[in-house]
Amino acid sequence: MRPLTLRMKAFASYKSETYLDFASIGDENFFLIHGNTGAGKTSILDAIVYALYGGEGTMGGRSNLIMRNTEAAPEDLTEVDFHFALRDEHYRVHRTITQKQKRDGSINPTPTHSAALYRYVGGKETLIDGRNQRTVTQSVIALIGLGAVEFRQVVLLPQGAFRDFLLAEPKDRRELFSKIFQTQRFQRLAEKLQEKAAKGADRQQRLIDRRKLLLEQTGAEDFESFLQSIRALEEEEKVLQDTIAPLKEESAARQTAYEQGLDAERKLQQYEQAKAQLKAATEERDRQAEARSLLAAAKKAAALQETKTHLDAARKKSDDTAQEIERTGRKLEELAERQKETQQAYEAATGRDPQLEKLHEERRVLAEQSKHLDNYRQAEKALAEKQALAAAAKADADAAEQAVPSLKAEREDVNRSWRKAVELASRLDGLEHAQSDLQKGERILREGKELASEIKTLEDKSEKEKIKLDNAAERAATLAKEAEAKADARILGQAHELARRLKKGSPCPVCGSTHHPAPQLSNAAIPTEDEVKAVRAAAQKAETLRQKLDAAYVQLQNDIRNKSGKRDELRAEWSALPKLDRTKEELSSAIREARKAKENAPAYKERYEALSKAIDAAELTAKEKKALCDARIQEAQASQGALVEIQKLLPANVTPEALEAKRVRVEAEIASITTDKERARTAFERVKEDFLRVKTSGETLERSLKIFHTELAELEASFRQRLKQASFASVEAWANALTGEYATESGRDALENRLQEVDRSHAAAQGALSAAEAAVKDIEAPDLEKLKAAAEFSLEAWNKASAEHTLKAKEIQDKRKLQKEIENILADEKALDSEYGVLARLAEVANGRADGGQRRTRMDLETYVLRLLLSDVIEAANHRLIKISQGQYLLDPPNMDDIDSHSGLDFTIFDEDTGGSRSLASLSGGESFIVALSLSLGLSDTIVYYARSRPLEMLFIDEGFGSLDADRLDIAIKTLLELRDTGRLVGIISHVEELKHMISVRLEVTKSTSTGSHARFVTNG
C-alpha cells in the first residue's frame, strides 16, 4: 500500500482545503514532516487513518466530531479524500462529516457521516461500497488485511507508542501477530482435524467399550464361550423343572415340627436364663471384696498406656512394611512375565512388514486405475455438455425468425423516450446555475444582515471601550506623576537628614569635606520607601490596565474594518448576480424533472443499444444458424469417440464401485497393521518402565524395614522395664487392670453405687428362678437344631430349586438379548474400521499431542508458526538495532526447543556492555526508542516479505528522535535512509531542527490563527 494523494478540508486544525501530492517528491522516498508543536503534523496521519477506518482509527482514538475543525461553519463540509495504490490497482476512499441546523437555528450536536470506497478500472472510477461508514471500514479491512489497531502499530508509529509496543504482553503480541499474519487458519485446521478424528475415534471406542461391557456382564471370555453358556443354561432349566413339586410338600411337613420344638425350647431357655441371672448376681456380689485392689492396679496401668501406644504403632509400621515388600516381590514376578509377553507380541507385529509392503504396492496400482476412471467420467460430462450446446443452437435458430418485428417496434418506442430525456437533461446545467445564483443571493442577504448587526454591536462596544481607555490613560498619567514626586521628595528628604547630621570637623559621607559652610535643612515629612513602592505599584497597575484596554480597542477597530470589508465584498457579489425570472419552487421542480431525465437517459440509451444488438442477432440468416447447429453436432460426435477410447484403458469387468471397495479394504489393512505394531511397541516399553520402577521401590522398602526393626526393639525393651517397675508380671496383667469400669476415673467413682444395686439384683434373680422351675415341669428338651436343620434344609431345597428355575429362565432370556446386541455391535465395528486411520495421528501432531497422550507436551501448529514469525521479526530488527546501538544491544528470539510453552512470544534484550540479558522495562527513553523502532521496522519488513500480495509500502514515525544524542540520531537516520532501496515511503514527524538539515525533502506544516494549518512539500536548495 502506497499513498498517492491526500485532500482534507475542515478537518482537525486544517480549516481550508489542503491537497498533498505524494507523487510530487519523485524518487525521494524519505521525507521529514516538520513543524512547531501543535502545528498539525499528526493530523496528517489522523486524516489517512480516518479515511481508511473512520473515527475509531485516529491516532488518539478521537471521535468523528472532534476531528471536525472547531471553526467550521455549520454548512461547511468536513472532507477527507485519500487516494492510494495497492499492488497494481488504485483506490480512493472518501469520508465526510456535517452538522446541520435545527429549525430553531441551533446546531444539531449529532453529526451526519458518509463514506465511499472506489476502485479505478481501465482509467474509470467504480464504486465498491458506499452504504455507510461501518461497511466501508469493513471493505477497507478486507482489502488491506489490517484493522485500525494493527495498521497504527505497523504503518503509523504514533507519539508514545514505541514503548507501549515494545513492552506489550506476550498474549497481546500474539493476538497482533495472529491478525497480521492470519495464522488463525492453522488453528482452524488443527481443530477441524481434531474434530473429525475425535468423532471417528469416539464412535469406534463407544462400540468397543459397549461390547466389552456386555461380555463382562456375561462372565464369558469371548463371544463363542458366551454362546456355549446359553446352550448349557437351557439344559439345566429343563432338569430343574422336574424337581420342584416333591420338594415343596416335604418342606411344609418339616416346618410344622420345627415350630412345636421352638415353643418347648423357649420355656427351657427362660429357666436357664433365670439360673444364669442368679449366678451372675451372686458372682457380682462376691467381687465386691476385690474392688479396691483392682482400682489400685488400674491407676498404675494408666501411667504406662502412652508407652504401649508408641510400641503398638512401631510394630504395625514394621508389619505393614514387611507386607508391602512381599507384595512388591509378587508384582515384580508379574511384570517379568508381562515383559516377556509384550516383547513376543512386538516381535510378531514386526514380522508383518513384508505384508505391509505388498499392500502399499497394491494401493499404488489401484490409484492408477482410479485415474483412468476419473478421465472416463470427465469425458462423459464433456459429451453431455456438447449435446446440450447442439440443442441450444437449434432452439436459438428457431427463435431468431420470430423475434425481429417485436424488437424493432420496442426499439422505436425507446428511441423516442431517449431523445426526450436528452433534451430535458441538456437544460440541467442552466437550471442548476440559476438555482445556485438564487441560493447565493439568499446567503448574501442573510450574511449581510448578520454583518450589519455585528458591526453595529462592535461600534457601540468600541465607543464604550474608548471612554474606558481615556479614563484609564488619565489615571495612569496622574499616578505616574505622583510616583515621580514621591521619589523626588524621598531623595530630597534624605539629603536634608544627612545635612542635619553633619558635624563641624567631621568628613561628609558624600564629598568627604570637613567644611560645611551652608547645609540645606528642612522640617518637611520624608516619604518612606514603602510609600514610594506603593505609589509606583499603583501607577504600574494603572498603566497595565491602560495597555490592556488600548489593545482591546485596537482589536475592536480591526474587527470593525474586517467586517466592513466583508460587507463591501457581499455588496459586490450582489451586484454581480443576474436577474432571475423564476421562483425558487419553479426552479426546484424544473431541476427535479431535468435530473430525473438525465438519470433515465443512460438507461434508455443502454436499452436502445441492447435492442439493436438483439435485432442484429435475430437477423442472422437461417443458414448461419444451421451451420452453427451442425458444428455443435460434430463436436458431440467427436466427444463420443473420445469416450470410447478412454473406456478401453479401464480394467475389464471392473466397476467404479468395485475399485473403490478394493481401495478402502487395502487402506484399512494398512492402517490395522501399522496401528497393531505401534500398540505392541508402546506396551513393551511401558512394561519395561514399570518393572524398573517397582524394583527400585522394593529396595527402598527393605532398607526402611531394617530401620523399623531397630526402633521396635528399643521400644519393647523400654516398655518391659517400666512394667517391671510397676509390679506387673506381664503385658496381659497390665491390660486386665484397665478393663471395664476401671479404665476411666468416672467409672471408678460410680463403683460404690453399683455395688448396692448388685444386692438388689441378687434378690430379684432368686424370685425369677422359682417361677421358671414351675413352668418347665414335665417338659423334655427337644433337639431343636436337628428340627431346624431339617426344616431349613427342605425349605432351602425347594426355594433354591424354584429360584434357580426362575433365574435360569430369566438368564436365558437376558443372554439372548445380549447376543443380538453384541452381533449388531460387531457389524458396526467392522463398518467403522475403514473410516478411522492416519487421521488421528495428524490431529495429534496439529494439536500438540504428538506422543498420543492426553496431556499437551508439545506446542500446537499455530503457536509454532507464530514463534517462527517472531524469530523472523527479531532477526530483521537486529540488522538495524546493532547499527543504531553501535553494537551494544541485540534482541534474543524465543527458544524454539521449549516445547512446554504455549505462548512463547516473549523475548529479552542482550546488553554487550554488561555481558548479559536485560529486562525491556529497564531501558531508558532513548534506548526504548531505538529498540522499539528497530522492532517495528523488523515487523514491517517481515509483513512485506510474507504478504507479497498486499505489501505495506509506507511507514510514518511520529516523534521520539528528540530523546537521542547526536551520534545515535545520525545512525538512526542513516538506517531509515536504507529503506529507500526497498521502494518504501518513509515519513518522520518531528520538530527537531537538526533533522531539517539531514533530510533533503520535508513536508513543512505551519499554522495561523485565521486560516488554520497548512502543509506543502519543500526541497532543500
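The model is predicted: local features need pLDDT of at least 70 and side-chain atom pairs count only at pLDDT 80 or more, while totals for chains, interfaces and linings use all residues. Residues are numbered from 1 along each chain as its sequence is written, and side-chain values use heavy atoms, leaving out hydrogens and water.

**The chain**

The chain contains 26 helices and 15 strands; helices (H or I, at least four residues) and strands (E, at least two) are DSSP runs, numbered from the N terminus. Of its 1021 residues, 35% count as buried, where buried means under 20% relative accessible area, exposed over 50% and partly exposed in between (1.4 Å probe, protein chains only). The accessible surface comes to about 61,600 Å², and 51% of it belongs to carbon and sulfur atoms; such areas come from the Shrake-Rupley method with a 1.4 Å probe, and for residues only the protein chains shown count as cover. Among contacts (heavy atoms within 4.5 Å) with a separation of 6 or more, 76% join residues 24 or more positions apart.

**Strand β3**

Five of the five residues of β3 (residues 30–34) are buried, so this strand is largely enclosed by the rest of the structure. Phe30, Leu32 and His34 point one way, whereas Phe31 and Ile33 point the other way. In a regular strand the side chains alternate between the two faces of the sheet.

| Partner of β3 | Residues | Sense | Bridges |
|---|---|---|---|
| β13 | 985–990 | parallel | five |
| β14 | 1001–1008 | parallel | three |

Val986 in β13 is the bridge partner of Phe30, and Glu1004 in β14 stands opposite His34.

**Helix α1 and the cores**

Helix α1 (residues 41–53) has 13 residues and should span 18 Å at 1.5 Å a residue; its end C-alpha atoms are 19 Å apart, which agrees. The expected span is 1.5 Å times one less than the number of residues. Because 13 of the 13 residues of α1 are buried, the helix is largely enclosed by the rest of the structure. Gly54, whose phi is positive, near 80 degrees, follows α1.

A nonpolar core is a set of buried Ala, Val, Leu, Ile, Met, Phe, Trp, Tyr and Cys residues joined through side-chain atoms within 4.5 Å. The largest has 47 residues, and Leu6, Ile44 and Leu52 have the most contacts inside it. Helix α1 gives the most to this core, with nine residues. A second, separate core of 40 residues includes Leu866, Val931, Leu976 and Val992.

How values were computed:
Two strands pair if DSSP finds at least two bridges between them.
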